[in-house]
Amino acid sequence: MRYGLRSPSPSPVRGKHTRRRSSVYGLPSDSDEESLSSESTKSLKFASESEASEEEESWYGERDISSRQLSKHSSLQLQQLRGKPSPLQKSQRNSEDAKFLADRRALEDTIAAIRLRTRHYDPYEEWERQTRTDALRTARHLRTTTNATHACRLESAERYALKNQQIAYNSQLTDVKRLLETLRIKERDEEVRLRQKWNDEDRARRDRVEAVIRTEEARARAEAEAERRKREEAERRRREEEEKKRREVEEQRVADEERRRAEEEKERRERELQEAEKRRKEKEAEETESKKLSGMVAAGEDWKYARETLKNLKAGPMKIVKGEKALKSQWSAIRRQITPKIGQLTQDQATITRIIGQLIELVRPSTPHPEPLYLAALSSLSKCILLQAETEVTAEKKSAFPLATVTCTLLHHPLLSDTFPEVFYAKMVQRTGGWGIPVVVPAHDVDGQTFNDNERRKAMGYRRTGGDDGSGEGVWESSGEYGTRVSGIMRVYFLVLGMSASVAPTLPAAGPGGRAQRIFQLPRLWVYFSRMLGDERLLDAAVAAQILHAALDVAGLEARYIWGKQWMKLLQLLYVASTEGISSMPSPDGKRMLGGQTPEGKSARVRVQLEIERIVQAL
């Protein structure tokens with residue numbers, strides 16, 4: 001509520017009124033009250049109900065306070081009268097009563113002024129309220145019109161967007177239908193092509209199966225014929241035995257005069273049989289010796305020969321060279337010159353010829369080296385060639401040709417053919433284990449000692465990795481690394497066998513050097529395949545499939561022109577081993593196939609099949 005004085009209002013209604021006179025406490029005089037206009041009376045009627053109620057509450061509250069103060073003052077006066085105050089006290093009490101009455105009049109005037117102010121009607125304020133109401137009504141009408149216009153525009157925009165979306169959807173639907181139709185046509189064409197391809201492959205597969213069936217039927221007929229002949233032979237022998245028994249019975253019935261003659265005849269026959277057995281054994285011994293001299297020895301004999309050569313090389317020349325400082329320094333110098341020359345090999349024939357001459361000059365100069373140093377140099381040359389085959393040939397098959405050319409020339413060179421073939425063969429068996437022969441590494445060494453696990457793995461050609469600290473300890477290489485390394489060496493070996501057909505032997509076949517040279521002759525390829533197919537334990541390994549693929553890739557087609565139908569029979573056996581299995585007795589893991597069930601073996605087996613098919617198609 002407003003209690004202060006107000007400034008003159010610019011309202012036209014309020015400007016016409018003159019200010020009323022008031023008393024000291026802001027109350028109007030009696031004359032002013034009489035001159036109140038009817039308009040003031042009307043304005044008092046528009047006062048709010050709430051302001052009246054608040055005014056009444058404040059009025060009654062003030063009246064209660066005044067009544068309490070009067071009652072308290074009256075009680076004090078009664079107490080003072082009873083005590084019979086003195087004149088000074090009477091004067092003080094009179095002054096206090098006068099002050100109390102003055103304050104009471106001031107309070108009543110203030111309350112009357114407040115009551116009058118609250119009930120006053122102000123036309124300007126009514127005009128302001130009406131103006132705000134009209135402005136709000138106009139704003140609401142404008143907002144309603146604006147919202148309706150905006151909603152109409154939004155609905156129109158939405159209809160336009162939906163129309164564009166429907167057009168885009170119809171266009172995309174048409175594109176999708178066209179794409180699906182294209183894909184269906186493409187799929188139909190692809191299906192036709194695949195069906196045709198499948199029919200061709202199925203026809204070829206059936207032809208192969210029928211060919212194998214015919215082969216198996218022929219083999220079964222041959223086996224049945226052999227079995228029939230065997231039964232007939234047994235029947236013939238049985239009849240002969242019965243006839244012999246009958247003759248013996250008849251001989252026992254001979255008279256006493258013929259018994260002595262029969263005993264003498266029997267003794268004479270026994271002597272003849274003993275002599276015949278003796279002659280047979282001597283003949284077998286001669287044949288065995290002749291086979292050894294001609295190179296037709298067992299795989300185990302080749303293994304013993306290579307191991308004994310390697311042990312003699314390590315225990316003899318290598319030990320002497322490493323023990324003498326002068327020889328060791330010369331040997332180290334030769335090794336340092338051999339390694340870069342082998343690494344410089346290219347496909348250029350002039351470069352190959354130059355490097356061959358330099359290598360021969362290193363290991364066999366005009367002034368011969370001492371025998372231990374010469375053998376140690378040959379050992380280092382062999383090791384360098386094998387290491388180059390392990391690394392370069394594994395990465396690039398074409399690099400095997402110059403390396404094989406150098407190796408073949410050195411093996412058959414007149415200055416080196418007396419010893420180098422033996423040393424190279426021993427080092428090759430050391431790096432490849434039994435796969436250079438081929439043979440399963442036995443459980444005992446050539447000196448009769450039993451291999452432990454590490455020694456047998458080393459004899460099989462496995463190498464340790466990570467043992468560069470000189471302790472010899474490390475992790476054994478994996479089967480995949482081992483197979484890749486060995487197949488690289490054997491590829492060079494098979495190339496040497498093929499190149500040796502154009503080189504005449506430089507040593508007689510009867511000598512030890514001649515035996516080593518025969519290992520690097522072309523007929524050794526037939527011996528290698530025969531030994532491999534004759535031992536199922538070798539065919540089970542993944543390395544076998546990798547080596548056989550390398551051999552077929554290098555000399556498979558040329559061998560057909562040398563051995564003819566016999567070579568085709570051997571390839572047929574190899575193809576059956578790679579497709580149907582190598583034995584009628586399956587292993588716990590399934591059918592025993594060439595190369596086993598490892599990933600390396602499976603991939604190598606497929607390559608062998610493809611290589612055999614390539615050879616057959618080329619013919």
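Predicted model: local features only at pLDDT ≥ 70, side-chain atom pairs only at ≥ 80, totals over all residues.
A search of the whole structure finds 36 salt bridges.

**First stop: helix α6.** Select glutamate 216 and arginine 219, whose closest N and O atoms lie 2.2 Å apart in a salt bridge. Both belong to helix α6 (residues 123–252), and because they are three residues apart, about one helical turn separates them. Glutamate 216 is partly exposed, at a relative accessible area of 24%; arginine 219 is likewise partly exposed, at 42%. Next, select Glu225, Arg228, Arg229 and Glu232, which are joined in a network of salt bridges. Side chains of opposite charge can pair when their charged atoms come close.

**Second stop: a buried pair.** Move to arginine 485 and glutamate 477, a salt bridge with the closest N and O atoms 2.6 Å apart. Are these two residues buried or exposed? Arginine 485 has 9% relative accessibility and therefore counts as buried. Glutamate 477 is also buried, with a relative accessibility of 8%.

**Third stop: a link across the chain.** Select arginine 592 and glutamate 536, which form a salt bridge with a closest N to O separation of 3.4 Å. This pair links distant parts of the chain, 56 residues apart: arginine 592 sits in the loop between α20 (565–579) and α21 (599–618), whereas glutamate 536 is in helix α18 (residues 536–539). Arginine 592 is buried, at 18% relative accessible area; the cut-off for buried is under 20%. Glutamate 536, at 34%, is partly exposed.

With leucine 410 selected, show its contacts beyond four places in sequence: Ile356, Leu359, Ile360, Leu381, Ile385, Leu416 and Phe420. In soluble globular proteins, nonpolar side chains tend to be buried together.

**Last stop: threonine 419.** Select threonine 419 in the loop between α12 (400–411) and α13 (420–432). Its relative accessibility is 14%, so threonine 419 counts as buried. Leaving aside residues up to four places away in sequence, threonine 419 touches Tyr374, Leu375 and Leu378. To finish, draw a C-alpha to C-alpha distance from threonine 419 to leucine 378: the two are 8.3 Å apart in space, although 41 residues apart in sequence.

Methods: Residues numbered from 1 in each chain as written. Heavy atoms only, no water. Contact = heavy atoms within 4.5 Å. Helix = DSSP H or I, 4+ residues; strand = E, 2+ residues; numbered from the N terminus. Buried < 20%, exposed > 50% of the residue type's maximum accessible area, 1.4 Å probe, protein only. Salt bridge = Lys/Arg side-chain N within 4 Å of Asp/Glu carboxyl O.
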